[in-house]
Each structure stands twice: as structure tokens, then as C-alpha cells.
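Okay, thanks for coming, everyone. Let me put the chain up on the screen and then walk you through a few spots.

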Amino acid sequence: MEAHGSSADEIMDNLITSTDPEHPANHICTLCRNFYALGWVTGTGGGVSIRDGPHIFIAPSGVQKELMQPANMFVMDYATRAYLRKPPILKPSACTPLFLAAFDRGAGSCIHTHSQWAVLVTLLVEKDAVSQRREVSDACFEIEQIEQIKGIPKGRGKDGMLGFFDRLTVPIIENTAHEEDLTQSLEAAMERYPDTYAVLVRRHGLYVWGANVQKAKTQAESLDYIFRLAVEMRRLDLPWIQ
């Protein structure tokens, strides 16, 4: 029995053991450290997930992102949703059902940040909607004629990236007391805005995904740049829409 248990442990560890820095277990750790330095995942908040063939690699809950190690990774079988590897003591990420919603729509990676700029633009959009007597629940973040918009794809199944004169639209959903309770509204936003690669959560942060981890990271960086710029534009009384 002990040998059998040892063999099972070795199989589990084989899923996250590699010298390749691009291996999902290693790559997630690198991204977590980088995102921590950017202020996107402070206080163990946020999360990163990567799909690699039949497997989904997910950073755990409650681990400081700058200290993340491959041994901390959860690994799930995408088809069955069963965990193939569950580190002892650690808890699965509460973001998992939201990550799965992105994977079910063809994503290869999904990133969740608690960027201050993402939070601030949700509050500015809310303020605008209230002052204009519009439904807050229908209000999106929209901006145009900003060069960095070119870092965002046109939409699922569409070739190319948005252009300088295109309008970037990012839907906003309301926050909930528990992360997993966001799943239904996130999926509804994905259906209502099928071209979006990101959804903002009011007073909370951002979910962004891409066909692979490189594209998801690029889009996360582009959006955070745009959100910060939008906050500064508002400070200077500059319009987001021309």
C-alpha cells in the first residue's frame, strides 16, 4: 500500500515538475511574481490559470503571490473537472469556476487581477451612469483613439486586433460577497458581449483571458495601461469617447 501511495504521489508531482520555464507550473509562478510587483495581486488576491492540453493549472488560494512555487499548483482534468493534483493544506482558488467559463469559450489562459486602475474605472463608469440617469448595470467602460487599444483582439473567431479608431468596450458586472458567486454574471457578460476578452468587476478587479498565456498577459498589460490612462484623462477633464 505504501508503494502504491508513493507511486501516486510521484505521478502527481510529475505534472508540475519541469526545468522548462514555459511549463505552466513554472510560468504561473513567474507571472504571479511579476503581477505582485505591478500591484495587481497584493494580499494573496487575484489568480492565474493556464490550460495545457487536457490539464488546467491553477494557482491556489491564500498563498502570497510573490512566494508562489510549482509545488503549490492545483492541476485539474478539463474534461471531467476532477483534480489530478491537490496540494495538502492549500485551498483551490475561488476563481476556478470563472476560469473554467473562459476555458469553455476557447481560452488558453485566464488572469484575475485586483488592479487599482481597474477598480477606479468601474467607479467612474458608475458615477457617470448615475449622473446621466442611466442604468448602472448596463454601463460598460468604453474608450477610443488610444494607441494601446491595438493590443486587444477584435473578438473570438475574428482575425486581427482592434485599431486606433475602434472603440474598446469592456463590460462591468457587480461584485458579490464570494468570488465563485460571480460566475453566472460573468458568463452572462461573455454571452452579451461575445467579442470581449475581459470583464471588469465593480469595486473588485478584472478577469482577462486569451488564446494562450502570452496573449492573456499582453491583454492584461494593455488593459491596465488603458485603465490608468483613463483615470488620468478624467482627472484632466479629457473625454474617453471623441
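Helices here are DSSP runs of H or I with at least four residues, strands are E runs of at least two, and both are numbered from the N terminus. Before I go on: this is a predicted model, where local features need pLDDT of at least 70 and side-chain atom pairs count only at pLDDT 80 or more, while totals for chains, interfaces and linings use all residues. Residues are numbered from 1 along each chain as its sequence is written, and side-chain values use heavy atoms, with hydrogens and water left out.

Back to Thr-122: it counts as buried because its relative accessibility is 0%. Buried means under 20% relative accessible area, exposed over 50%, partly exposed in between, with a 1.4 Å probe and protein chains only.

Now, which residues have the most contacts inside the largest nonpolar core? They're Phe-141, Ile-143, Leu-168, Leu-200 and Leu-223, in a core of 49 residues. A core here is a set of buried Ala, Val, Leu, Ile, Met, Phe, Trp, Tyr and Cys residues joined through side-chain atoms within 4.5 Å. Helix 6 gives the largest share of this core, nine residues. Apart from it there's another core, of 23 residues, including Tyr-78 and Leu-182.

Last stop, strand 1: four bridges join it to strand 2, antiparallel; strands pair if DSSP finds at least two bridges between them. Asp-52 stands opposite His-55, and in that hairpin Gly-53 takes a positive phi near 65°.
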